[in-house]
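Good morning, and thank you for making time for this presentation. I would ask you to keep the sequence and the structure in view while I speak.

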Amino acid sequence: MIGQRIKMSFLLLAGMFLVSCQKGDVQEVADEISVSVSEIQASASLASYSMEVSSNTRWNVSIEAEDVQEVIWATLSRTSGSGNLQVSVRVTENRFNEERKAKIVFVTKGGKKAETVLVQAAGKEGGDPPADDLLCVGSYNLRMSHLDNGTDNAWSERKERLKTSMLSCPFDFFGIQEVDDKTQTWLDSELSSKYSFCYFSPYSQNGKGSRAQGIGYRKDKFTLSDWHYFWACSTPDVMTVNDKGSQGSFNRGGCCCILTHKATGARFFVMNNHGCLNGKSNEESAPVYVEMEKKYNKEGLPSFFVGDMNAKQSSVEGSVYMTYAAHWTDSYLKAVKRTGAAGTYNGYKSVNGSSRIDYVFYRGEGLKPQLYHCDNTLYGGFYPSDHFPLWVKFKIEK
């Protein structure tokens, strides 16, 4: 009898405990948000378009441009809300002969996002849009064409996605690395309508040949002068095997030029680098680039130092990065806005980049980096190269 009472009391207490736990437990519900349309194709005329937002929490909404420029041609009916609501976007008349794009981004308090792409058609009888006063400077390691044979990343498979990738970047001028004979011929053919290229191979005393690097520039905007190349060693005018160690033996050096903007006459010094793979060699070669900048940029023109430098950011005194950062400024650190992947090297497998070893450094008064972008776009799920293209938009203040 006593045992039955104890058993009943235990069951009663257990039941009360379960009820108490059920009443006291607070189940966290994950944020959810979606929008009824993924893209709005707006006409060139003044108009409004509606979207249905579905959510289980509070959210904010904003319009974002592809760069740091403010979207002044589109406005939203609200900037925040809760739950299920309708949001409309109003576009002004597009009086220019180019379409314009933006993203409408919905974000919950927990960071969950939903997006709608907004594309407004060009005006049929519109004029040219206002000139972009931003200078776009970049770098792209293209990877040698003879590598990766027999894979989805072989040259025959990736050259079209590489072309699409390069043309989608708004480069005004940029450095390129790992450019063999086949790639040089391909670049001069496939991208010649937009860019001119100059190449330097450190494996030939005259600077010509395969296993090269180079500088590309918009042929409609710039002219090139003062082209120079050098080896990153104590005898920069002499072809040298200066990258030695466990990673192999290589010839390393840089090339540089002056680019003159046709419309304004503004001149810029540009230097490209493909850094040593072996750490000790990279440390020894780094000061040479500073010396060559001083030698070939005697006028102190606005200076850009770009390339695959095979060096990670480091605070260790005497490191490769710090040698460069003591003379130039890393645009990644100073840009008003950063977008895209965190790392520039992807190894064909890291969509966010496994390390940042490609750079756009700058030097000179009036250069203000506005947008840093590392473009990690994939094409059909495949990479265009084992490095992502990197570009920075600079505002030039007088």
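Let me begin with a definition: two strands are said to pair if DSSP finds at least two bridges between them. Helices (H or I, at least four residues) and strands (E, at least two) are DSSP runs, numbered from the N terminus. What is shown is a predicted model, in which local features need pLDDT of at least 70, side-chain atom pairs count only at pLDDT 80 or more, and totals for chains, interfaces and linings use all residues. Residues are numbered from 1 along each chain as its sequence is written, and side-chain values use heavy atoms, with hydrogens and water left out.

I turn to confidence. The pLDDT is the predictor's confidence in each residue, from 0 to 100. The chain has a mean pLDDT of 91, and 91% of its residues reach 70 or more. Over residues 10-14 the value is below 50, and this stretch has zero contacts (heavy atoms within 4.5 Å) in the model beyond near neighbours in sequence. Where pLDDT is low, the predicted coordinates should not be read in detail.

Next, the hairpin of β17 and β18. Strand β17 (residues 253-261) pairs with β18 in the antiparallel sense over seven bridges. Five residues lie between these strands, and in this hairpin glycine 265 takes a positive phi near 85 degrees. Within the pairing, glycine 254 stands opposite asparagine 273 in β18. Which residue of β19 is the bridge partner of asparagine 273? That partner is glycine 307. Strand β19 (residues 303-308) and β18 pair in the parallel sense, over six bridges. Buried here means under 20% relative accessible area, exposed over 50%, and partly exposed in between (1.4 Å probe, protein chains only). Seven of the eight residues of β18 (residues 267-274) are buried, so this strand is largely enclosed by the rest of the structure.

Strand β23 (residues 367-374) also has seven of its eight residues buried, and is therefore largely enclosed by the rest of the structure. Four bridges join β23 to strand β21 (residues 337-340) in a parallel arrangement, where arginine 338 stands opposite tyrosine 372. With strand β24 (residues 390-396), β23 pairs in the antiparallel sense over seven bridges. In that pairing lysine 368 faces lysine 395 of β24.

Now to an open sheet of four strands, with the order β1-β3-β7-β5 and antiparallel pairing. Which strands stand at the edges? They are β1 (33-35) and β5 (74-76), each with a single partner strand, so one side of each is left without a neighbour in the sheet. The twist averages 25 degrees from one strand to the next, where axes are lines fitted to C-alpha atoms, for helices over the stretch in contact, and angles run from 0 to 180 degrees between N-to-C directions. Strands β3 (residues 47-55) and β7 (residues 85-91) are joined by seven bridges, with glutamate 52 opposite glutamine 86.

Valine 61 belongs to strand β4 (residues 58-64). Is this residue buried or exposed? Valine 61 counts as buried, because its relative accessibility is 5%. Leaving aside neighbours within four places in sequence, its contacts include Leu76, Arg78, Ile104 and Phe106.

Helix α4 (residues 279-296) has 18 residues and reaches 26 Å from its first C-alpha to its last, close to the 26 Å expected; the expected span is 1.5 Å times one less than the number of residues. At serine 285 the helix bends by about 25 degrees, and proline 287 follows within four residues. That bend is the angle between axes fitted to the seven residues ending there and the seven starting there. Helix α2 (residues 155-168) has 14 residues and spans 19 Å, close to the 20 Å expected. Its buried residues include Trp155, Leu162 and Met166, and what covers the buried residues includes β10 (134-141), β11 and α3 (181-190).

Finally, backbone angles. Most residues other than glycine have a negative phi. Glutamate 178, in strand β11 (residues 173-179), has a positive phi near 55 degrees, and at 14% relative accessibility counts as buried. Arginine 211 has a positive phi of about 50 degrees; this arginine lies in the loop between β12 (195-200) and β13 (212-218) and is partly exposed, at 42%.
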